Amino acid sequence: MSFLKDRFAGFIGPEQKLGPLVRLFRANFRPYARRYAFALSMMVIAALATAGSAYIIKDIINKIFIDKDGALVFVIAGAIVFIYLVKGFATYFSSVTLTKIGNSMVARLQRQLYDAVLRQDIVFFQRHALGDIMVRISQNASAARAAIDLIVLSLGRDLFTLVSLVAVMVVQNPIMSGLSLLIAPPAIYGITHLLKKVRTAARKEVVTSAQIVTIVQESVQGIRVVKSFGLEDRLRAAFNVATGNVETLSNRIATLGARSSPLMETLGGLAIAFVVMFGGYQIVHYNADPGAFFSFITALLMAYEPAKRLARFNLDLEKALVGVRMMYEVLDEVPELQSAPDAVEAKFDSAAVTFDRVDFAYGEAPVLKGLSLTAPENSVVALVGPSGAGKSTVFSLVERFYDPTGGAVLVNGTDIRRFTVESLRRHVALVTQDTFLFDGSVAANIADGRPDASRAEIEAAARDANAYDFIMAMPDGFDSRVGEGGGNLSGGQRQRIAIARAILRQAPILLLDEATSALDAQAERDIQEALGRLMKGRTTFVIAHRLATVRDADIIYVMDKGEVVQKGNHEQLMAEGGLYAHLRALQFKDEKPDAVAAG
Ligand SMILES: Nc1ncnc2c1ncn2[C@@H]1O[C@H](COP(=O)(O)OP(=O)(O)OP(=O)(O)O)[C@@H](O)[C@H]1O
Ligand SMILES: [Mg+2]
């Protein structure tokens with residue numbers, strides 16, 4: 001699993017206990033304060049009713065069994081019905097209120113988490129596996145809710161119940177009460193011991209379940225590759241390891257948690273046995289009040305469950321806090337690439353784009369080395385060069401997915417880092433090498449280019465992208481679903497929809513990364529012509545291997561290993577020889593004679 005591990009490692013930070021809890025309460029208690037107050041008051045009532053049901057045992061024993069007072073039977077029976085009725089309704093209201101608060105809190109936190117993820121820069125998404133992000137959004141919000149629920153329930157229900165029952169015990173028999181509290185210190189000591197182990201195991205468990213999600217997701221997305229290369233065994237093996245790990249960790253957490261039971265049961269049994277001995281002795285030898293004794297025993301037995309839960313409280317809280325901490329790791333993650341504090345809104349109708357001695361590296365190895373190029377206003381600039389030369393990287397820098405490590409990218413003479421990121425991107429339309437469509441209608445996907453576009457504009461964009469005819473041939477026309485990732489369409493059709501989306505954007509800077517690579521010669525020529533129309537009045541960068549696409553460019557930059565090695569128009573570069581002529585010569589062999597003739 002090592003191939004996954006490093007992608008999950010980035011988040012794991014120092015552990016602190018109270019910090020995240022205090023934050024969680026600060027941020028999430030206030031909006032629900034009134035409803036919490038109501039739920040808590042209901043819990044107090046339920047706790048008092050419980051105590052009442054223990055207290056009344058004294059009268060049952062003394063008045064009915066010993067005094068044989070017939071009239072009181074009905075009064076006591078009525079009181080019992082009343083107590084349980086109150087307890088039932090109070091419990092109902094408190095649990096409904098808490099559930100609603102919890103559900104609302106999960107929704108709120110998930111929205112915050114999703115926002116925090118969307119806010120991140122591209123680097124974040126390369127660093128973190130999808131499964132990790134998904135698990136954090138889906139599970140951590142619930143963990144936060146569990147933590148708050150646990151605290152409210154423990155402090156509210158269990159603590160109030162325990163306190164009221166102890167009050168009954170003290171009233172009925174103060175000495176025995178004091179003696180039975182002696183079990184508390186060993187219980188607390190034993191539980192604290194288990195805590196640290198649970199914490200470590202719980203975090204590992206979350207990380208490992210994220211790996212499961214990632215494997216499933218990659219298998220589904222890459223199912224064609226999986227089937228055709230027979231990768232089932234490899235994936236199954238990785239999946240078995242991940243599920244096995246979760247199984248082991250879950251067992252470990254459960255075992256650690258359950259270890260509190262033998263401890264608590266033994267201590268509880270000791271306390272009860274002791275009380276029976278001591279109380280029996282008092283009754284036998286000193287003729288003590290038997291009703292008080294039974295009431296005490298009842299209260300003690302009833303106190304046992306909430307006391308046990310309170311003892312486990314820390315253990316359960318620890319598990320939930322693991323999720324809370326992981327949630328804050330996402331919420332606190334500050335994207336490196338952000339708008340500068342004094343950034344201005346970009347506003348231009350046409351753009352001259354300049355790369356001024358730009359250096360860039362994704363990691364250690366330099367990808368762009370002092371790259372300089374210029375695209376004058378409303379020009380068409382082609383980038384050509386061997387695979388890995390850095391062409392797509394140039395586009396990423398124009399979009400400001402990354403910042404250069406040296407030099408600057410300028411638009412109309414202004415460093416693009418001076419603009420707010422959002423406003424810059426509004427001025428750029430991108431067709432990527434790997435087109436991505438969202439599951440939804442064709443029209444909705446095109447409209448992503450400009451959400452306020454009218455249906456007529458969407459259709460016009462489709463026409464310009466040479467996509468209109470095939471869209472109309474689909475069963476529901478523009479309302480046909482493209483499927484997840486555009487899976488219902490061919491590669492060339494997806495590409496034309498992506499081009500239509502970019503056309504609709506009407507941005508002054510247009511970036512086309514091999515936008516016509518998946519098209520046949522006819523479709524490419526149609527698109528070429530459409531792009532010709534589209535490129536008017538905007539600055540266009542094209543990355544293309546095909547001669548036809550590049551031939552009409554105003555300037556061609558030939559890139560190799562992150563540098564511009566040649567510059568000029570087609571005729572100049574052909575005359576010059578060098579890499580361009582070499583690449584062309586290679587292509588002449590593959591391209592159909594008519595395509596060459598067209599060039
Ligand atoms: N996200 C990334 N992280 C790390 N390295 C990357 C990343 N993207 C690209 N590279 C590296 O940067 C170099 C340039 O990549 P780029 O995608 O810009 O090439 P390209 O010219 O577009 O190639 P192609 O014609 O094959 O699309 C390559 O060596 C590549 O390995
Ligand atoms: Mg590329």
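Modeller: One definition comes before we start. A polar contact is a pair of N or O atoms within 3.5 Å; within protein, one must be able to donate a hydrogen and the other to accept it. Keep in mind that this is a predicted model.

Biologist: Which residue's backbone oxygen does the side chain of threonine 99 reach?

Modeller: Threonine 99 lies in helix H4, residues 70-119. The side chain of threonine 99 comes to 2.7 Å from a backbone oxygen. The cut-off for a polar contact is 3.5 Å. The residue with that oxygen is serine 95.

Biologist: Is threonine 99 buried, partly exposed or exposed?

Modeller: Buried means under 20% relative accessible area, and exposed means over 50%. Threonine 99 has 39% relative accessibility, so the class is partly exposed.

Biologist: How far apart in space are threonine 99 and arginine 145, C-alpha to C-alpha?

Modeller: Along the sequence, these two are 46 residues apart. In space, the C-alpha to C-alpha distance is 9.7 Å.

Biologist: Now the metal. Which residues coordinate the magnesium ion, ligand 2?

Modeller: The distances run from 1.9 to 2.5 Å. One donor is an OG atom and the other is an OE1 atom. They belong to Ser392 and Gln433.

Biologist: How many residues apart in sequence are the parts that this pair ties together?

Modeller: Serine 392 sits in helix H13, residues 391-398. Glutamine 433 sits in the loop between strand S6 (428-431) and helix H15 (442-447). The pair therefore links parts whose separation in sequence is 41 residues.

Biologist: Are serine 392 and glutamine 433 buried, partly exposed or exposed?

Modeller: Serine 392 has a relative accessibility of 27%, which makes it partly exposed. For glutamine 433 the relative accessible area is 43%. That value also lies between 20% and 50%, so glutamine 433 is partly exposed.

Biologist: How many residues of H13 are buried?

Modeller: H13 has 8 residues and is mostly covered. Among the buried ones are Lys391, Thr393, Val394 and Phe395.

Biologist: Which residue with a positive phi follows H13?

Modeller: The phi in question is near 60°. The residue that follows H13 with this angle is arginine 400.

Biologist: On to ligand 1. Which element gives the most residues to its shell?

Modeller: The shell includes Gln126, Tyr362, Lys391, Ser392, Thr393 and Glu514. The top contributor gives 3 residues. That element is H13.

Biologist: How many polar residues does the shell around ligand 1 have?

Modeller: Sort the shell by class. There are 3 nonpolar and 2 charged residues. The polar residues number 7.

Biologist: How much of the accessible area of ligand 1 does the protein cover?

Modeller: Start with the side-chain contacts. An oxygen atom of ligand 1 is 2.5 Å from an N or O atom of the serine 387 side chain, and for threonine 393 such a distance is 2.4 Å. On its own, ligand 1 has 630 Å² of accessible area. The protein covers 63%.

Biologist: Let us step back to the domains. How far apart are the C-alpha centres of domain 1 and domain 2?

Modeller: Domain 1 spans 2-331, and domain 2 spans 432-506. The distance between their C-alpha centres is 50 Å.

Biologist: Is leucine 504 buried or exposed?

Modeller: Leucine 504 is found in helix H18. The relative accessible area of leucine 504 is 3%. Under 20% is the cut-off, so leucine 504 is buried.

Conventions:
Residues are numbered from 1 along each chain as its sequence is written. Chains are lettered from A and ligands numbered from 1 in the order in which they are written. This is a predicted model: local features need pLDDT of at least 70, side-chain atom pairs count only at pLDDT 80 or more; totals for chains, interfaces and linings use all residues. Side-chain values use heavy atoms; hydrogens and water are left out. Donors are N, O and S atoms within 2.8 Å of the metal (3.2 Å for Na, K and Ca); water is not among the atoms, so sites may look incomplete. Helices (H or I, at least four residues) and strands (E, at least two) are DSSP runs, numbered from the N terminus. Buried means under 20% relative accessible area, exposed over 50%, partly exposed in between (1.4 Å probe, protein chains only). A residue is near a molecule or strand if one of its heavy atoms lies within 4 Å of it. Accessible areas come from the Shrake-Rupley method with a 1.4 Å probe; for residues, only the protein chains shown count as cover. Ala, Val, Leu, Ile, Met, Phe, Trp, Tyr, Cys and Pro count as nonpolar, Asp, Glu, Lys and Arg as charged, and the others, Gly among them, as polar. Domain bounds come from an automatic or database domain assignment.
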